[in-house]
Amino acid sequence: MSDNSSAVTSPPLQPELDFLSGGGEMGALMRSHDWTASPLGPAHQWPQSLKTAVRIMLLSRQPIWIGWGDALVYLYNDSYKSIIGGKHPWALGKPTADVWREIWADIGPMLATAMTGHEGTYVEEQLLIMERNGYPEETYYTFSYTPIPDDDGTPGGIICANTEDTQRVIGERQLALLRELATTSSDARTWWDACERGAAALRVNAFDLPFALLYMTGPDGDVAELVATSGIDVGQSNFPTTIDLTEGSVWPIEQALRCQYPVFVADLSGKAGPDIPAGKWRVPPTDAAVIPVMPTGETGRAGALIIGLNPYRLFDDAYRSFLQLVAGQIAGSIANAQAYEEERRRSEALAELDRAKTTFFSNVSHEFRTPLTLMLGPLEEALADVGEDPETQARLEVVHRNGMRLLKLVNSLLDFSRIEAGRTKASFEPTDLSTMTAELASNFRSLTEKAGLKLVLECAPSPERVFVDRDMWEKIVLNLLSNAFKFTFEGKIRVGLTYDDKAALLVVEDSGTGIPASELPRLFERFHRVEGAKGRSFEGSGIGLALVQELVKLHGGTIDVTSEEGRGTAFTVTIPKGSQHLPQDRLQAGRAFASTAVQAGAFVDEALKWLPDQPENDEASEDATTTTGLGLHQRILLADDNADMRDYVRRLLSADYEVETVNDGQAALEAIRARRPDLVLSDVMMPRLDGFGLIQAIRREPELADIPIIVLSARAGEEARVEGLSAGADDYLVKPFSARELAARVAAALAMMKVRREMGERLREEARSLETLNRVGSVIAAELDLDQAVQAVTDAATELTGAQFGSFFYNVLDDKGESYMLYTLSGVPREAFSSFPMPRNTAVFGPTFAGEGIVRSDDITKDPRYGKNAPHHGMPKGHLPVCSYLAAPVISRSGEVLGGLFFGHSEPGIFTERAERLLSGIAAQATIAIDNARLYKAAQKEIAERVRTEEALRKSEARLSHLNENLEATVAERTQERDRTWNLSRDLLGVADRHGV
C-alpha cells in the first residue's frame, strides 16, 4: 500500500482512451496505469459497458467505486478518495476482497447477491469497522450495489454509490444521551439520586461510553467515593470503591479536578483487570478517560467520571468535548438536587420557625391577658371614683383607651395563633344576621358624622337565620368598618347585607383613597401594608384583613375585594346558608377558650383618635402655650399620628417650651416652612409623609437643614437606631420612654443646636475676616497710590474690629515733635475732625506714635493715662464720643514709625483680643502699603528727574548740532571764496605772461 497521492502526468491521450479523459487525479491515474498486467487487460480493449460505467463514475461528484470481473477489480473516482483514506492510490486495480478485507465479511454477501445479476442491494447507515487510516475505525454508510451487465448481457461487475453518515449517526446518539440525562435527572431530589439517575442514563449510549464509574468527593475533598456505575460490575473488576486523592493513584482524579480538564488513561486492562465490559462492541475498550465533574455554587460537590473509551474512535477534541458535556450535565443535575435539598431544609426550618412563632404568640398573648386584666379592672374603678378632677380623669382615660387598644391587639394575635395552630373552636349559632350587623355598624355613626362622612346601612331583613360564630362575625364587621373609616376622608361608607338562594352577602363599601391594582393580590397577607397608602393613621398591626379572611374561611365562606384608586374600595363577604358546610360538632357548641371579642367601643375610641385634634384640646393647647411660653424663645414642633402621644408629649414639654403638634409628616413640613422651629420631634411611621421622608425634606432645604431632629419610634434595636441616625436625625428615642429622658434629650439637642449655631457664626465671622484680609492684601498688591492703599487698610480694620470709626495719622513732626497729619478716616465724614487739632504726644497717643505697641482699652475715659495733658485734659468739647479705644503703630521695615491706626466706639468693651490680633496683622499690611507707595513715589520722582535730565541733554545736543551746521556752512563759503580768489590770481598771471609782464 502506498501513501503517494501526488498527481500523475499522463502521456498524450490516445483516441481509444477518450472515456478516461478528465476525471481529475483518478482519471490521470487510470490513464497512466498499466492495465495489461491486470485481469481487465488493456484499457482500449475493455468492454463498452465497462467504459460507459467508468466514464459515468469519473464525471460524477458522488463517491462511486466500480468492481469488475470475478475479482471485482477496484476502480473509484476523486470523490471516493476521502472514504478510502490511506489506501489511496494503492487500491486502484486491486481486487475488492484485498482492498476491504477487514469488512469483507459484511459486504461480501451483498456483493455476491448483486453479481448474480438479478437484483442490486441497498443499505442505510451500515456500520463498517474500516481500517482506512491504519487503525480500526467506526464508520456508517448508506450505499447500494448495482450490477453492470457485460456486453453479452451477463453480469460483468457492480457499481456502488456511497454516502457517509458517520458524523450524523454519532451526533444523533450523543444528543439522545444528553436529552436522556436532562430528562431523567431533572426531578432528582437528592444529590445521590441525581448521581444514580445520571449513571443509569449513560446506558443509552454504550457505543461512546461502554462503561462509566462516577466518583464524588466528600466535604473535605480528600477522598473520592464510588457512588454510581453504568455498564460495569465493580465486583468483577479492579476499580476501587474509594480513592484517596492525597496519595498517588493509577486513576488521576486529583489531576483532573486540579486541571479541570479530561485526563487520558492508557492500558486499561493492566489497571482495571481483564474482565472489562465491551458495551455495544465486540471488543472491550483499551483506554479510558477521567472527566472532572466540577461543583457549581458554594455548596456544590466535586467528582469525576471514569469512562471506558470507544475502541473504534480516536480520543480527539470532538470526543473529549462530548464527554465534558456529559460530565457538565451530571454536575448540573447534582447542583439542582442540592439546591432542592437546601430549599427543602430551609422550608422545613421556616415551617418550624413559623410553628414556634405561632406557639410563642399564643403563649405570650395568654400571658398578656392576665396583667391587662389586672390593669384595666382597677383602672375602670379609678375612673368611676375620680370625682371632680378633670386633669386626672383625662390622664386615666388615656391609659384606659390605650389599654383597651393593647387588649385588642393581643386578642388579634391570639386569634391568629389559634387559627394557624388549628386550635380554633368556633360555636356556630343560628343568628339574625341583619339585626346584629346593623347594631354593630351603628356604633360608628357618631364617629363618621364627626369626620364629615355619611354612614349608610342597607341590611335587608333576614329570611332565615344564618349560622355564624357571633364573636367572629363581630370581628369581621368591626375590622372592615374600621379599615373603611381609616382610608376614607370624604363621601360615605356603606354597609349592605343581602341574601340569595345559597348565601348571605355582606358588602362594606367606601369612597376612600382606593388600592392600587398591583397591591390587591397581597392585600390579605399577614403584616402586609400598602406602600404609600394615604390613611388617617399609619398605626396598626397589619393582621386585621388577614384575620378577617381566616375567620370567613372558618365559616366556609369567601371574601373578595374590588378597588379603584381615588374612587374607593368594596369588600364582599359571602357566608353560605345552612349548616352542612360546617363542622357538625361545632354547631351551638360551648366555647373551649375564653372569648377574645372586644367591645365595639374599643374600635370606635381608637378610630376617634385618628381625627384631627379636637377644638377644645386645641384651645387648651393655645392657652397653655400662651401662658407657659411667656419669655420663652425656644419652639418645638411635634409630628405623630397618635393623638394620645401628641397630647402626652405636649403636656410634658409645654412647661418649658412652646410646642406645636401635627399629625403627619406633610403637615409638619408645611408648618416648618411657615414658621421655623428650634427643634423637631418626629415619629417614623406616619401617613402621607413618614419620618424619614420628613428628615430628608428638611435636610434638602438649606434654610432648614440645621434644625435638630429627634426621632421618636417604637422600632427598637441597634439596626433601627443606625437607620434613623443615618437618615439624618440628631437623636433616636425608643418608645416607651420616660418623661425625664425625653426632657433631657430635648434639652441636650437644643443646647447642642446653640453651640453649633455659635460655632457656625464664629466660622462665618472668621470667613468674613479672611475674605476681608484677602481683599485688602489684593488691593495692597495692586495699588501703588498711597492715599487709596492706606484708605483701603483703614476701612478694612474698621470693619474687622467692629469700630464705629477709624483713622490713620501720618507721623509728621514739627519743631516740638508734636504735629501729626490726619491721613485717612473711615466710618465718619472727614469734617468730624476738621474743627479739632491733630492728636498730640499725650500719654494716650504717645505710645502709638513712639511705636511702643498696641493700646487697647474697654473704656478709655477710665484709663489712668486719660486726661493728663493740657489744655483739654481729655476729649475737646464736641469731639466724637470715644469709649472703647484701640490703636496700633505702623512701623516701616526700616524701623521708622510711619504713623498710627486709631479706632473708637461709643460703647465700652467692644474690642476683643481677636480684634487686637486682626489689627496687628492689618498694621503690618499698612506698613507694606505705605512702604510700597513710598518706594513707588521715590521711583516716580527719580524717573521724572531722569526724564528732565534727558530732555536737557537733548536740547544741548540740538544746539551743538545747529552750531556745527553753521560752522560747516561758513567754512565752505570761505573755501569757495578762496578758490575764486586763487582762480582769479591764476588768470591774472596768465594774462601777464602773455603780455610779457
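Of the 997 residues of the chain, 44% count as buried, where buried means under 20% relative accessible area, exposed over 50%, and partly exposed in between (1.4 Å probe, protein chains only). The model is predicted: local features need pLDDT of at least 70, side-chain atom pairs count only at pLDDT 80 or more, and totals for chains, interfaces and linings use all residues. Residues are numbered from 1 along each chain as its sequence is written, and side-chain values use heavy atoms, with hydrogens and water left out.

**Overall composition**

The chain holds 26 helices and 28 strands; helices (H or I, at least four residues) and strands (E, at least two) are DSSP runs, numbered from the N terminus. Its accessible surface comes to about 50,800 Å², and 52% of this belongs to carbon and sulfur atoms. Accessible areas come from the Shrake-Rupley method with a 1.4 Å probe; for residues, only the protein chains shown count as cover. Among contacts between residues at least 6 apart in sequence, 63% join residues at least 24 apart, a contact being heavy atoms within 4.5 Å.

The disulfide count is 0, with a disulfide taken as a pair of cysteine sulfur atoms within 2.5 Å. Cys-259 is partly exposed, at a relative accessible area of 44%, whereas Cys-883 is buried at 11%.

An open sheet of 5 strands has the order 2-1-5-4-3, with antiparallel pairing; two strands pair if DSSP finds at least two bridges between them. Strand 2 (73–76) and strand 3 (121–130) stand at the edges with a single partner strand each, so one side of each lacks a neighbour in the sheet. From one strand to the next the twist averages 30°. Axes are lines fitted to C-alpha atoms, for helices over the stretch in contact, and angles run from 0 to 180 degrees between N-to-C directions.

Strand 1 (residues 64–68) is joined to strand 5 (residues 155–164) by 5 bridges, and Trp-65 has Cys-160 of strand 5 as its bridge partner. Helix 2 (residues 48–59) packs on this sheet, where it touches strand 1, strand 2 and strand 4 (137–149); the direction of helix 2 makes about 165° with that of strand 1.

Thr-166 belongs to helix 6 (residues 166–185) and is buried at 5% relative accessibility. A polar atom of the Thr-166 side chain lies 3.0 Å from the backbone nitrogen of Tyr-140. Neighbours within four places in sequence aside, Thr-166 is in contact with Glu-138, Thr-139 and Tyr-140.

| Strand pair | Sense | Bridges |
|---|---|---|
| Strand 13 and strand 15 (residues 492–499) | parallel | 6 bridges |
| Strand 16 (residues 503–510) and strand 18 | antiparallel | 8 bridges |
| Strand 17 (residues 558–564) and strand 18 | antiparallel | 7 bridges |

Individual positions illustrate these pairings. Cys-459 stands opposite Leu-497 in strand 15. In strand 18, Ile-575 is the bridge partner of Ala-504, and Val-573 is that of Ile-559. Strand 17 and strand 18 form a hairpin with 3 residues between them, and Gly-566 in the turn has a positive phi of about 80°.

In strand 18 (residues 568–576), 7 of the 9 residues are buried, so this strand is largely enclosed by the rest of the structure. The buried residues of helix 15 (residues 544–554) include Leu-545, Leu-547 and Leu-551. Just after helix 15, Gly-556 takes a positive phi of about 70°.

Lys-577 lies in the loop between strand 18 and helix 16 (600–608). With a relative accessible area of 16%, Lys-577 is buried. Its side chain reaches the backbone oxygen of Asp-500 at 2.6 Å. Residues up to four places away in sequence not counted, Lys-577 touches several others, among them Pro-463, Glu-464, Tyr-499 and Asp-500.

Conventions: Polar contact = N/O pair within 3.5 Å; in protein donor to acceptor, adjacent residues only side chain to side chain.
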